[in-house]
Amino acid sequence: MRSVLVTGGAGFIGSHLVDRLLARGHRVVVVDNFFLGKRENLADAQAAAGDRLVIRYEDAADAVAMREIVERHEVRDVYNLATKALEYSFDNPRGAYEVNTSIALTLAELLRKGHYERLVHTSSSEVFGTAITRPMGEDHPRNPTTTYAAGKAGADLALQSYLRSFDLDIRIVRPFNNYGPRQNAGAYAGVVPKTMERLLQGQPPILHGDGSQGRDFVYVEDVAAGLVAVAECPEARGGEFNIASGRETSIRELLDNMVELAEFRGEWIREPRRTADVDHHIGDASRLAQVVGFTPPTSIREGLARTWDWYSSRSGVSGVSR
Ligand SMILES: NC(=O)c1ccc[n+]([C@@H]2O[C@H](COP(=O)([O-])OP(=O)(O)OC[C@H]3O[C@@H](n4cnc5c(N)ncnc54)[C@H](O)[C@@H]3O)[C@@H](O)[C@H]2O)c1
């Protein structure tokens, strides 16, 4: 049986995708440089799957290493999820841009030369910047505000040009804001894990600005399911697909939900808004529904409750009531 390769498979979304692929009977190869990825994210998968899961510690932009891996493991499909977190782009703007474009180009070249058959590339709703039209469809103008997002947009353009020039099987998937178990809670953490970790330690949540900034939050297992659905749908070849809930949640509402789950009653910390933060993000998920037949099923309240349970169980906190 040929393998499926996941770059960034030790990360947050990647590890859930690995779980899903293994559950569907695939042999899976993970390529991760462990910049933010963790072995523990794959521990359960490794225990259950044995030698159906191979983990390689490599830079996914390294064309020589990637060619060797793809050939050795007879890879058919590649899911590209490797990246350095958006927040990293404030420390190293050039590095954040380059990691997103260089990995995409390495994978496009291997595909063009026939080393594997299908690339499912993970873009990001960040390429759109603040919404000009709402909800944001796949053709919304690209206005990246961070170099992370610019690198994502650059990778999309490069892959679309490979697609047009060489008629390759490339599918671009664009998740909106993900949350769920295993999201990095350390350096470069996003708002959900950062806030949950603070609440678990009895610390107040931090609100940037007035909290009116809106985001379209999607539960991570829904994103993993959406990625596989796009890969498996013949009509999705050459297409771009948002994975979104189609609902905007303000940061204020998000924090309110988490504070309720934690039963926190203290004052919140207020900080100024970050200048590169986008104002509003709401995705149009109708193309994914119509072409692929997939709609993320998990509501924000259900997803946050499951996420809270996961972070709570890891902190040894019990008796979470809701
Ligand atoms: N988390 C979100 O809300 C979100 C939203 C939209 C799109 N995405 C996209 O989904 C994908 C996965 O994101 P995530 O949230 O799981 O991030 P993550 O940081 O948890 O995972 C990324 C993984 O890539 C690895 N990595 C970084 N540089 C690498 C390199 N050069 N070679 C090999 N591995 C490398 C990291 O170690 C990490 O395990 C990314 O492409 C991201 O842009 C994420």
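In what follows, Ala, Val, Leu, Ile, Met, Phe, Trp, Tyr, Cys and Pro count as nonpolar, Asp, Glu, Lys and Arg as charged, and the others, Gly among them, as polar. By these classes, the shell around the ligand has 15 nonpolar, 13 polar and three charged residues. The model is a predicted one, in which local features need pLDDT of at least 70 and side-chain atom pairs count only at pLDDT 80 or more, whereas totals for chains, interfaces and linings use all residues. Residues are numbered from 1 along each chain as its sequence is written.

**Ligand shell**
- The ligand is surrounded by 31 residues, of which Gly8, Gly11, Phe12, Gly37 and Asn178 are the closest; a residue is near a molecule or strand if its C-beta atom, placed from the backbone, lies within 6 Å of it.
- At least two residues of the shell come from each of helix H1 (12-23), strand S2 (27-32), H5 and strand S7 (177-179), where helices (H or I, at least four residues) and strands (E, at least two) are DSSP runs, numbered from the N terminus.
- The largest share of the shell, three residues, is supplied by H1.

**The sheet**
- Seven strands form an open sheet with parallel pairing, in the order S3-S2-S1-S4-S5-S6-S11; two strands pair if DSSP finds at least two bridges between them.
- Strand S3 (53-57) and strand S11 (240-243) are the edge strands, each pairing on one side only, and the twist from one strand to the next averages 20°.
- Strand S6 (residues 169-175) runs parallel to S11 and is joined to S11 by four bridges, with arginine 174 standing opposite asparagine 242 in S11.

**Helices packed on the sheet**
- Helix H5 (residues 93-112) lies across strand S1 (3-7), strand S4 (75-80) and strand S5 (118-122), and runs at about 160° to S4; axes are lines fitted to C-alpha atoms, for helices over the stretch in contact, and angles run from 0 to 180 degrees between N-to-C directions.
- Helix H6 (residues 147-166) also packs on the sheet, where it touches S5 and S6, and its direction makes about 155° with that of S6.

**Helix pair H3 and H5**
- The axes of helix H3 (residues 63-72) and H5 come within 10 Å and cross at roughly 45°, which makes H3 oblique to H5, because angles under 35 degrees count as roughly parallel, over 145 as roughly antiparallel, 65 to 115 as roughly perpendicular and the rest as oblique.
- The crossing of H3 with H5 is right-handed; a crossing is left-handed if the near helix is turned anticlockwise from the far one by less than a right angle, and right-handed if clockwise.
- Ala63, Met66, Arg67 and Val70 in H3 meet Thr106, Glu109 and Leu110 in H5, two residues being in contact if their C-beta atoms, placed from the backbone, lie within 7 Å.
- The residues of this contact of H3 with H5 comprise four nonpolar, one polar and two charged.

**Helix pair H7 and H11**
- Helix H7 (residues 191-200) and helix H11 (residues 300-315) have axes that come within 10 Å and cross at roughly 45°, and that makes H7 oblique to H11.
- Val192, Met196, Glu197 and Leu200 of H7 make the contact with Thr307, Trp308, Tyr311, Ser312 and Ser315 of H11, a set with five nonpolar, three polar and one charged residues.

**Backbone features**
- Arginine 134 and proline 135 are joined by a cis peptide bond with omega of about -5°, and proline 135 lies in the loop between S5 and H6.
- Phenylalanine 34, although not a glycine, has a positive phi of about 60°, and is found in the loop between S2 and helix H2 (43-49).
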